Amino acid sequence: MQPRHQFFSPARVSAIAGNTLLELVRQKVFYFLLIFALVLIGASFFMGFLRPELQFQVMKDVSLGAMSVFTWLLAVLATAMMLPKDIEERTLYTILAKPVPRFEYLLGKLLGVFVMLAISTVVMGAIFAAVLYAKEQLAIAEALQEGKITDPAQIAEIVRNVKASTFTWSLVPGVIAIYFKAAIFAALTLLISTFASSWIFTIVVSVAVYLIGHLTPIAREYWLADGGTWLAKVGLALIALFFPDLQLFNLADDIVAGNAIALGLFLHTVGLGCLYIAVYGCLAYWMFANKEL
Amino acid sequence: MPDPAIAIRNLTKVYPIPFKRERVTAVDHLSLSVEPGQVYGLLGPNGSGKSTTMKVLLGLVPATSGSAQIFGRDSTLVESHEEVGYLPENPYFYKFLTGQETLRFYGKLCGLRGAALRERTRELLKLVGLENAADRRLGGYSKGMLQRIGLAQALVQEPRLLVLDEPTAGVDPAGSREIRDLILEFKSRGITVLLCSHLLGQVQEICDRVGILHQGKLVREGELESLISIENQTQLIFENASPDLLARFEAEAAACGARLVEKSKPHTTLERFFLEVTK
Amino acid sequence: MKRIAVLLVALLVFGAVKLPMERAITDAHRAAYFRGAKLDLTLREQIGQGAFVAALSGFRGVIADILTIQAFTAWENTQWSRVIFLYNQITTLQPRVIMHWETAAGYTASDASVAALEDPKQPRQALRVKASRDFIQQGREFLERGIRNNPDRYVLFNKLGALLAQKTEDHYAAYEAFSKAAEFPDCMGYEKRFAAYELSRCPGREAQAYALLLKLYRMGASQHTPMLLGRIAAMEEKLDIPSDQRVCNQHGSPQ
């Protein structure tokens, strides 16, 4: 009745990934999307006194900022408690007592979190686009009404100008970069949880990495520049080497400002993100492989 | 000659204590063997090394030295788990899953799919008497129900070996009886069972062989009957014997040099009495 | 402990591997006008530690927006020094948002300068004029800084040209700004004409301006705006072009 044992089984990995996603769904993590929608709608009403161009700017900044915070928080909180909970409640024993290699278990768990983050990002992106679209239509109607414009060419120009300030497809790479930053943190948090003594420790360390990771390019610049004491150089070098450069994924601010990123450069950035994830994931497996349970 | 279900040779597990030079020897040169189809009771006080032995057998913890094999395969290999079903002590499964979802999840981990998985799930739920609770989340299950769903997930891939750690701990007498009956049924199907339990009365009812661990060492091991029999005593139970007949037996025994150690009425067990009264 | 030590070494080795990749991508980002914001200690002192950390963590836009709303309030209350102070921070945080440079220039070179000129609290006209010119200069500096951060966009060149044309006597600088704007393929289309108009207002450059105006005139009827025709007529008058060679008569109509 039983099939021959497979060294790697996508089916086993997807069973664990699906189970992880189901757990997160049933823990009602997606309710935060409601908060996100409320923040956006609230922000759009609050800024009624600003001129339309500035309103759109603020809406885009707030939306992408909220998206960045929520996805990062989700990634850290969902992953920090995954392993400790399974060990403490001994569900891990029943899983590893089945013919499931440890790397499939970790991979499945991580993939479940990645899928959850992807769903969250897509839904937040859709809410963002919808609210922006509603504001856009309102702004167009107001502009046409105010100026009592009937000339089709003028109408077309107004519509074009308003649309250029609202949702453009060039925002999508910024959103994908936000997703990758969160995914990197999921892998990193998993790595920390393999040796952390408690999930609180894991979260605190993840937050520290988040803050220091944004200083990495500055540390790298000063380390490689001339001047400075050797002690400072050592400290800066350690930061530059140990921590991921999270500024690489902060593209949203400049994309919102109208900077479109070339596909090649974007793929390079995302490729480095994949490298971070792969390395942190492999190190997490290495730490977990001989962990005494 | 078929491979033993479990073959442990000179197994030693030493835990270092962080920041100290001392080490704790949890299992000390343990060797034991369990033949296919047997129910083997692994007994011992708390801290005697039972859980560690089971964890090494299941590959959850690496041995310091020695080896453990399951049906001839090294227990550190993931493929050896295909033959094993495990029920840990006080198991917590994923509370957010229903009974049915739990079995489907573990079934998928064992390579079951589609109709075969659905059928197996249905079968197991019926076997452990949880058909009516199949769609209820495990967070709402009682202790006995959790133990039963635990047994069901241990059986999902039709293993040849079951490792049960305190399967009736915290379960009421009726539930405990059901689990005991299930274990006897597994035995009748030829499934090997390694059982750890503090409930010696139950172990005595179910097990063929027992091994007793103490401070990491196997201090006694053997067939249950031979271990607990008192060699130089014989027990006879009479029904409807008159006092005269009993007096004549006593006199005859004394004349042959035997000593009457005890004369008393046999007892039923408290468990049987309880079940009869609460039926 | 041993495993953690090995983990740290592995991270260090990975750090050495990722270092050149991070540098290369950072340089590529900067070349593509990403991450140009200079987040330094000066900014940290101005916006505070919390806002600085938030700005570093990827919330530059949000912090800039909060400051923009504060700047709007300051503008409403005609607190011009505060408007300039805040817009210095805003444009540092978001140097690639054209709107911030435009707004900063507009608030200073237009609103603040007019307010200074009409300041009832300043009885001396000379000081009022000086204050007004200082604000205009501040607006010009905002646009010039904006151009240094956005050399790939025509808008600020356009705005600079308009400011110089309307608020200063530096018509040649206005001509240069409009000419730069006109070089961009996505510009509005009128920049070439505006450049020519400004050049025509520069003493000693009439011939150069006339040549430019004629070139535009010959591009077709779409360029024959009243202003263009008027400037051609004025140049022909100034250069004393023989009437049979003139393109426009004294009233600025084509001959």
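In which sense, left-handed or right-handed, do helix 3 of chain A and helix 6 of chain A cross? The crossing of these two helices is right-handed, where right-handed means that the near helix is turned clockwise from the far one by less than a right angle, and left-handed that it is turned anticlockwise. This is a predicted model, in which local features need pLDDT of at least 70 and side-chain atom pairs count only at pLDDT 80 or more, while totals for chains, interfaces and linings use all residues. Residues are numbered from 1 along each chain as its sequence is written, and chains are lettered from A, with ligands numbered from 1, in the order in which they are written.

**How the chains meet**

- Two pairs of chains are in contact, and of these chains A and C share the most contacts, a contact being two residues whose C-beta atoms, placed from the backbone, lie within 7 Å.
- Chain C brings 35 residues to its contact with chain A, and chain A brings 37 residues.
- On the side of chain C that touches chain A, the elements giving two or more residues are helix 1 (2-31), helix 3 (49-76) and helix 5 of chain C, where helices (H or I, at least four residues) and strands (E, at least two) are DSSP runs numbered from the N terminus.
- Helix 1 of chain C gives the most to that side, with 15 residues.
- By class, that side of chain C has 22 nonpolar, seven polar and six charged residues; here Ala, Val, Leu, Ile, Met, Phe, Trp, Tyr, Cys and Pro count as nonpolar, Asp, Glu, Lys and Arg as charged, and the others, Gly among them, as polar.
- In the contact between chains B and A, 26 residues of chain B meet 26 residues of chain A.
- Strand 6 (84-87) and helix 2 (99-109) of chain B are the elements that give two or more residues to the side of chain B that touches chain A, and helix 2 of chain B supplies the largest share, four residues.
- That side of chain B is made up of 17 nonpolar, four polar and five charged residues.
- Chain B and chain C do not touch, and their nearest C-alpha atoms are 9 Å apart.

**Helix pairs in chain A**

- Helix 3 (residues 52-80) and helix 6 (residues 102-147) of chain A pack at an angle of about 165°, with their axes 10 Å apart, the axes being lines fitted to C-alpha atoms over the stretch in contact and the angles running from 0 to 180 degrees between N-to-C directions.
- Helix 3 of chain A is therefore roughly antiparallel to helix 6 of chain A, since angles over 145 degrees count as roughly antiparallel, under 35 as roughly parallel, 65 to 115 as roughly perpendicular and the rest as oblique.
- The contact of helix 3 with helix 6 of chain A has 15 nonpolar, six polar and one charged residues by class.
- Helix 8 (residues 171-193) and helix 13 (residues 263-289) of chain A pack at an angle of about 15°, with their axes 8 Å apart, and are therefore roughly parallel to each other.
- Helix 8 of chain A passes helix 13 of chain A in a left-handed crossing, and the residues of their contact divide into 18 nonpolar, three polar and no charged.

**Chain B**

- Chain B has nine helices and 10 strands, and its C-alpha atoms fill a box of roughly 70 × 55 × 45 Å along the principal axes.
- Chain B is divided into domain 1 (35-57 + 76-210 + 224-228) and domain 2 (243-278), with bounds that come from an automatic or database domain assignment.
- The centres of these two domains of chain B, taken over C-alpha atoms, are separated by 38 Å.
- Buried residues make up 40% of the 279 residues in chain B, where a residue is buried if 20 or more other C-beta atoms, placed from the backbone, lie within 10 Å of its own, exposed if 12 or fewer, and partly exposed in between.
- T98(B) lies in the loop between strand 6 and helix 2 of chain B, and T98(B) is partly exposed, with 19 other C-beta atoms within 10 Å.

**Chain C**

- The domain assignment of chain C gives domain 1 (36-152) and domain 2 (172-255), whose C-alpha centres lie 35 Å apart.
- Helix 5 (residues 98-117) and helix 7 (residues 155-167) of chain C pack at an angle of about 10°, with their axes 10 Å apart, which makes helix 5 of chain C roughly parallel to helix 7 of chain C.
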